Amino acid sequence: FGLWVFCLLFYEFIAVSFIRLKQNKSIFLPGKDHLHHLINQKLNHHLTSSLITAGIYVLIALLGYLITLYFVHLSFLIYLILFFTYVLGRFVLNKKLNA
């Protein structure tokens, strides 16, 4: 279950790192390509974008808790599948925003 608690942070870090590497940018420099910045760009309201990001975080953590509770042996596999789905989704989102 410990992986699920920090999943959005881990997912976002890896996704942004891959996107930046693909664009030949440094992964260590700050940028506006994180999920909360993208949501804030769309809504133009910092509090709302923070609440949405926190909601996504809590939803994934609760989902992870339930998966770990009921499907202990499949929890890590589901975590990895969700990870690859998230990274792929971020690539698609980034492509749409930069088109």
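**Figure 1. The order of elements in the predicted chain.** From the N terminus on, the elements of the protein chain read α-α-α-α-α.

Figure 2. Averaged over the protein chain, pLDDT comes to 89, and 98% of the residues score at least 70. Among the elements, helix α4 (residues 46–70) has the highest mean pLDDT, at 92. At the other end sits helix α1 (residues 2–5), with the lowest mean, 82.

**Figure 3. Helix α2 crossing helix α5.** Here we look at α2 (residues 7–22) and α5 (residues 75–98), whose axes come within 9 Å and cross at roughly 45°. The two helices are therefore oblique to each other. As for handedness, the crossing of α2 and α5 is right-handed.

**Figure 4. Side by side: the residues joining α2 and α5.** From α2, the residues in contact are C7, L8, F10, Y11, E12, I14, A15, V16, F18, I19 and K22. Facing them in α5 are Y79, L82, F83, Y86, V87, R90, F91 and N94. Sort the contact of α2 with α5 by class and you get 15 nonpolar, one polar and three charged residues.

**Figure 5. A tilted tyrosine pair, Y11 and Y79.** Searching the whole structure turns up seven aromatic pairs, and this view picks out one of them, Y11 with Y79. The ring centres of Y11 and Y79 are 5.3 Å apart and the planes sit at 50°, so the pair counts as tilted. It's a link between distant parts of the chain: Y11 belongs to helix α2 and Y79 to helix α5, 68 residues apart. Both tyrosines also turn up in the contact between α2 and α5.

**Figure 6. Helix α2 packed on helix α4.** Now for another partner of α2: the axes of α2 and α4 are 9 Å apart, and the packing angle is about 115°. That makes α2 roughly perpendicular to α4. On the α2 side the contact is made by C7, L8 and L9, and on the α4 side by T53, I56, Y57 and I60. By class, the contact of α2 with α4 has six nonpolar residues, one polar and no charged ones. C7 and L8 of α2 meet α4 here, and C7 and L8 are also among the α2 residues that meet α5.

Conventions. Residues are numbered from 1 along each chain as its sequence is written. This is a predicted model: local features need pLDDT of at least 70, side-chain atom pairs count only at pLDDT 80 or more; totals for chains, interfaces and linings use all residues. Side-chain values use heavy atoms; hydrogens and water are left out. Axes are lines fitted to C-alpha atoms, for helices over the stretch in contact, and angles run from 0 to 180 degrees between N-to-C directions. Helices (H or I, at least four residues) and strands (E, at least two) are DSSP runs, numbered from the N terminus. Angles under 35 degrees count as roughly parallel, over 145 as roughly antiparallel, 65 to 115 as roughly perpendicular and the rest as oblique. A crossing is left-handed if the near helix is turned anticlockwise from the far one by less than a right angle, and right-handed if clockwise. Contact means heavy atoms within 4.5 Å. Ala, Val, Leu, Ile, Met, Phe, Trp, Tyr, Cys and Pro count as nonpolar, Asp, Glu, Lys and Arg as charged, and the others, Gly among them, as polar. pLDDT is the predictor's confidence in each residue, from 0 to 100. Rings of Phe, Tyr and Trp (its six-membered ring) pair if their centres lie within 6.5 Å; planes under 30 degrees apart count as stacked, over 60 as edge-to-face and the rest as tilted.
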